[in-house]
Amino acid sequence: MKSRLFSFLMPGEYYSDCHGAPCKILRATHEVIHYIRNGRTCIASMGRFQHEFEPMTKVQAERIAEEIETAEHIEKLRSMRRDRNTQASTGIAVAGTMP
């Protein structure tokens, strides 16, 4: 377990959570941290935050967010290709194709 003290957590700072996802600090008290992760507002206790989060720069956070977006886009394209191949193998007419 990591042990470190966060004396000040400033709004706008970036951290990564235990899954490696970038998080942006919204506000912090001595008890809880409010942050944005994947477009959703989340809350973590100070203890959990100290053990599960790592500081990162804005550039690192942006690069990770771009990589996640690229991976999601690739998965969407693969899903579309699977759907198209499934439709073609079952004889269902695919929009925009000639019989």
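Reader: With which residue does K58 form a salt bridge whose closest N and O atoms are 4.0 Å apart?
Author: This is a predicted model, in which local features need pLDDT of at least 70 and side-chain atom pairs count only at pLDDT 80 or more, while totals for chains, interfaces and linings use all residues. Residues are numbered from 1 along each chain as its sequence is written, and side-chain values use heavy atoms, with hydrogens and water left out. A salt bridge here is a side-chain nitrogen of Lys or Arg within 4 Å of a carboxyl oxygen of Asp or Glu. With the closest N and O atoms 4.0 Å apart, the residue that forms a salt bridge with K58 is E62.

Reader: In which helix do K58 and E62 lie?
Author: Helices (H or I, at least four residues) and strands (E, at least two) are DSSP runs, numbered from the N terminus. K58 and E62 are four residues apart, about one turn of the helix, and both lie in α2.

Reader: Is K58 buried, partly exposed or exposed?
Author: The classes rest on relative accessible area with a 1.4 Å probe and protein chains only: buried means under 20%, exposed over 50%, and partly exposed in between. E62, with 38% relative accessibility, counts as partly exposed. Because its relative accessibility is 48%, K58 likewise counts as partly exposed.

Reader: How far apart are the closest N and O atoms of R48 and E52?
Author: R48 and E52 are four residues apart in helix α1, so about one helical turn separates them. R48 is partly exposed, with a relative accessible area of 33%, and E52 is also partly exposed, at 29%. The two form a salt bridge in which the closest N and O atoms lie apart by 3.0 Å.

Reader: Which residue forms a salt bridge with R37, and how many residues apart in sequence are the parts that this pair ties together?
Author: The partner of R37 is D17, and their closest N and O atoms are 2.2 Å apart. R37 counts as partly exposed at 22% relative accessibility, whereas D17 counts as buried at 9%. Because R37 lies in strand β3 and D17 in the loop between β1 (14–16) and β2 (22–28), the parts tied together are apart in sequence by 20 residues.

Reader: How many salt bridges does the rule count?
Author: The pairs discussed above include K58 with E62, R48 with E52 and R37 with D17. By the rule, the count of salt bridges comes to four.

Reader: Why is the pair of Y35 and F53 edge-to-face?
Author: Rings of Phe, Tyr and Trp (its six-membered ring) pair if their centres lie within 6.5 Å, and planes under 30 degrees apart count as stacked, over 60 as edge-to-face and the rest as tilted. A search of the whole structure finds three aromatic pairs. In one of them, the rings of Y35 and F53 have their centres 5.2 Å apart, and the pair is edge-to-face because their planes stand at 70 degrees.

Reader: How many residues apart are Y35 and F53, and what parts of the chain do they link?
Author: Both Y35 and F53 are buried. Y35 lies in strand β3 (residues 32–37) and F53 in the loop between α1 (46–52) and β5 (54–56), so the pair links distant parts of the chain, apart by 18 residues.

Reader: At what angle do the ring planes of F49 and F53 lie?
Author: F49 lies in helix α1 and counts as buried at 0% relative accessibility. The ring centres of F49 and F53 are 4.3 Å apart, and the pair is stacked because the angle of the planes is 15 degrees.

Reader: Which residues do ring pairs link into a cluster?
Author: Y35 with F53 is an edge-to-face pair, and F49 with F53 is a stacked one. Ring pairs link into a cluster the residues Y15, Y35, F49 and F53.

Reader: What value of phi is N38 near?
Author: Most residues other than glycine have a negative phi. N38 lies in the loop between β3 and β4 (40–45), and at 52% relative accessibility N38 counts as exposed. Its phi is positive, in a residue other than glycine, and is near 55 degrees.

Reader: In what order do the elements of the chain run from the N terminus on?
Author: The chain has two helices and five strands, and buried residues make up 21% of its 99 residues. From the N terminus on, the elements run β-β-β-β-α-β-α.
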